[in-house]
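This briefing covers side-chain pairing and nonpolar packing in one structure. Please read it with the sequence and the model in view.

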Amino acid sequence: MRVARQWRQLRQLKWHGFSHEKQKPKAGELALFCPACPQPGVNVNLAERNVSDPAWLYSRSLVMDGNFKAEHMFLANPTNEVALTDGLGFMVGDGQYKLHLAKVQDIVHRSDCSNHQAVNQANTSRHKLEATGIGGCACTRHGCFVPHSMVDFQKGGRQMNMDYALCQALGYNTNGINRALTFYDINCQYHKHLDQRVEELPYLDLPWGMEIGKFLCQKFKEVVQGVQDSQHAFDRLSETADDDTLVKWEAEAAAAQDDRLENPSAMDIYEVKMTKAPIRKQQELHLLTRQARWPAGEIHRSAATWLASGITLEEAQVVLLIDVKKLGRRPTDAQKLAIARRHDRLQGQIDEFVRVAVSFLGDQLDEYDKLDLMTMMLDAAELDSAGSSSDDPDRPDDEDRYDTPVEFTPETLVIPLPSNIGIERCAEWGIADLVLQEISLREGQANDALHAIRVNLADKAVLFHTTVRSAKSQARSTHAWARVHSVDKILHLNVQMYSKCRSQLVHLSTDDLLAKLQPLEKADLKATMVVADPNACGQRNSMLAWFWSIDVQGDSTSNDWMNEFYRVHWLRTLALCDRWAEELLLVGREMIWTVDFFLHKSQ
């Protein structure tokens with residue numbers, strides 16, 4: 001065993017050019033790093049770089065992560081173990097790393113992360129293990145591990161371990177590189193006090209002036225094709241706008257690129273600028289905030305969250321009922337099992353909701369048996385309403401539907417919400433405040449559904465204008481229509497959500513709100529030529545549906561939605577062109593750096 005290890009060490013020395021040299025290898029010199037990444041002194045001479053090269057071209061991008069399964073127990077006789085390549089490969093040197101761990105104090109900061117394994121295991125102690133895992137850094141673009149940057153974990157992926165790995169990785173062949181980009185699944189927590197930790201600890205050091213921000217032949221062919229396709233799409237979009245509009249859009253894009261680092265909101269130009277009505281989450285947050293100002297006894301505490309969960313259950317019922325009706329007469333065993341599992345999961349959620357409902361609705365709920373006789377509003381008549389099952393491409397005929405067992409259909413159960421109980425009975429029970437809170441949440445739910453419907457119809461319009469009409473072959477036409485049908489499925493679901501929400505608002509007698517939230521007609525849900533082709537003949541008197549101009553106050557204002565989502569689409573296509581152009585430049589340089597890397601190693 002000892003001879004075999006010595007032989008492997010000699011082979012490593014020979015492979016890396018130290019077989020006939022008296023000098024000893026330095027840290028990480030018995031391991032190879034990514035040949036396509038810029039390494040000053042190896043495959044890049046920064047003194048000879050072009051002045052026109054962008055700054056991001058010569059940067060180091062690293063991904064940080066850990067493996068919590070690579071455990072290592074304490075050695076029975078540690079004095080008998082001799083490290084032949086300590087710190088010369090991918091693992092860091094043991095001596096200095098232990099000095100760093102002994103010097104640092106593990107200060108546990110309050111974590112804002114949600115269920116990250118690295119955070120959860122940070123305080124896990126395993127007395128029989130010398131190492132509970134391993135972590136390190138690798139090249140983001142090509143996946144090559146950085147030499148002398150792999151560390152052992154003692155108690156999960158703590159910051160003291162990853163700090164040392166990051167500093168070693170950023171110091172490996174980065175002389176002259178002043179920009180680095182790191183990716184870590186807990187970066188939101190990790191980078192909060194990184195600079196402070198590096199300054200305070202003697203064994204941590206970052207390259208001076210470096211800023212940290214939050215194969216190739218085949219890849220080059222893909223990039224060239226991507227540049228051509230994106231440029232073609234961009235040119236076609238530019239033809240649909242006049243010169244003044246293009247100048248305005250170009251100025252917006254340039255301003256966003258200049259200000260995006262200091263002002264992230266500058267990137268909002270890539271979203272649709274439309275006065276948005278409050279969504280359900282905003283309404284729930286508003287209700288929870290107002291609870292603190294309401295006198296005790298006049299409002300049920302935490303009722304907004306409970307009501308929101310009930311509305312979510314109703315939406316899950318709608319989704320499940322639609323999926324059941326799509327199965328057909330002869331579903332497979334796998335489809336039956338999937339539906340049965342969803343039935344069981346939904347029934348458990350409903351049981352928990354009803355159990356908590358007693359604390360809000362009182363003991364009267366147990367004596368009220370009307371809910372047992374009710375069925376869900378989404379029945380066959382409603383499925384045949386505006387834009388629903390008749391327009392759904394995947395809906396089977398009535399005779400082909402799969403009939404689920406009647407005794408276990410949680411998607412048809414009635415959720416005990418004020419809209420299902422009735423406002424008169426709610427007044428008798430003393431829960432009138434729950435009615436007002438549900439109305440507010442239902443308004444947010446309706447706004448969510450209408451926003452999704454607008455997005456779906458806009459997507460269909462763009463698909464018709466840019467994909468379906470331009471398809472010149474059967475294959476392209478089939479592919480284009482498949483994308484349209486995919487959007488239709490989502491549109492069908494959002495229409496059912498809105499119809500269910502509006503029917504519940506009818507039960508709550510909200511006349512003012514219902515005047516704004518009108519019923520949906522089939523004619524409203526078509527991607528008409530007004531949207532798909534505004535220059536088509538015969539469209540002078542055509543108008544968009546009411547929900548395209550809905551706003552917070554319910555005013556019907558004129559909003560050029562077509563120009564708006566074409567503006568967003570144009571800006572996004574411009575960003576896509578720029579991204580492919582940057583990729584073409586970067587991949588071309590990576591090909592040169594790869595050749596120079598191997599030439600350097602051969603010498």
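With which residue does D163 form a salt bridge, and how far apart are the closest N and O atoms? The partner of D163 is R197, and the closest N and O atoms are 2.6 Å apart. A salt bridge here is a side-chain nitrogen of Lys or Arg within 4 Å of a carboxyl oxygen of Asp or Glu.

The model is predicted: local features need pLDDT of at least 70, side-chain atom pairs count only at pLDDT 80 or more, and totals for chains, interfaces and linings use all residues. Residues are numbered from 1 along each chain as its sequence is written, and side-chain values use heavy atoms, with hydrogens and water left out.

**Salt bridges**

- The structure holds 10 salt bridges.
- The D163–R197 pair links distant parts of the chain, with D163 in helix α4 (residues 159–170) and R197 in helix α6 (residues 194–200), 34 residues apart. Helices (H or I, at least four residues) and strands (E, at least two) are DSSP runs, numbered from the N terminus.
- D163 is buried at 1% relative accessible area, and R197 is buried at 13%. Buried means under 20% relative accessible area, exposed over 50%, and partly exposed in between (1.4 Å probe, protein chains only).
- E314 and R442 form another salt bridge, their closest N and O atoms being 2.8 Å apart. E314 lies in helix α10 and R442 in helix α17, so this pair ties together parts that are 128 residues apart in sequence. Both E314 and R442 are buried.
- Salt bridges with shared partners join R141, E583 and E590 into one network.
- K98 and D94 meet in a salt bridge of 3.2 Å, N to O. Both lie in helix α2 (residues 94–103), 4 residues apart, about one turn of the helix. K98 is partly exposed at 45% relative accessible area, and D94 is partly exposed at 36%.

**Aromatic pairs**

- Rings of Phe, Tyr and Trp (its six-membered ring) pair if their centres lie within 6.5 Å; planes under 30 degrees apart count as stacked, over 60 as edge-to-face and the rest as tilted. By this rule the count comes to 6 aromatic pairs.
- W306 and F353 are stacked, at 4.8 Å centre to centre with 5 degrees between the planes. W306 belongs to helix α10 (residues 303–325) and F353 to helix α11 (residues 333–361), so the pair ties together parts that are 47 residues apart in sequence.
- W306 is buried at 5% relative accessible area, and F353 is buried at 4%.
- W306 and F360 are also stacked, at 4.9 Å centre to centre and 20 degrees between the planes. Because W306 lies in α10 and F360 in α11, this pair ties together parts 54 residues apart in sequence.
- F360 is buried at 10% relative accessible area.
- Ring pairs link W306, F353 and F360 into a cluster.

**Nonpolar cores**

- A nonpolar core is a set of buried Ala, Val, Leu, Ile, Met, Phe, Trp, Tyr and Cys residues joined through side-chain atoms within 4.5 Å.
- The largest core has 47 residues, and those with the most contacts inside it include W306, L361 and L434.
- Elements giving two or more residues to this core include α10, α11, α17 (432–468) and α18 (474–507). The most comes from α10, with 11 residues.
- Leaving aside neighbours within four places in sequence, L361 is in contact with W306, P416, I421, W429, I431 and L434; contact means heavy atoms within 4.5 Å.
- A second, separate core of 34 residues includes V92, V104, Y184 and V198.
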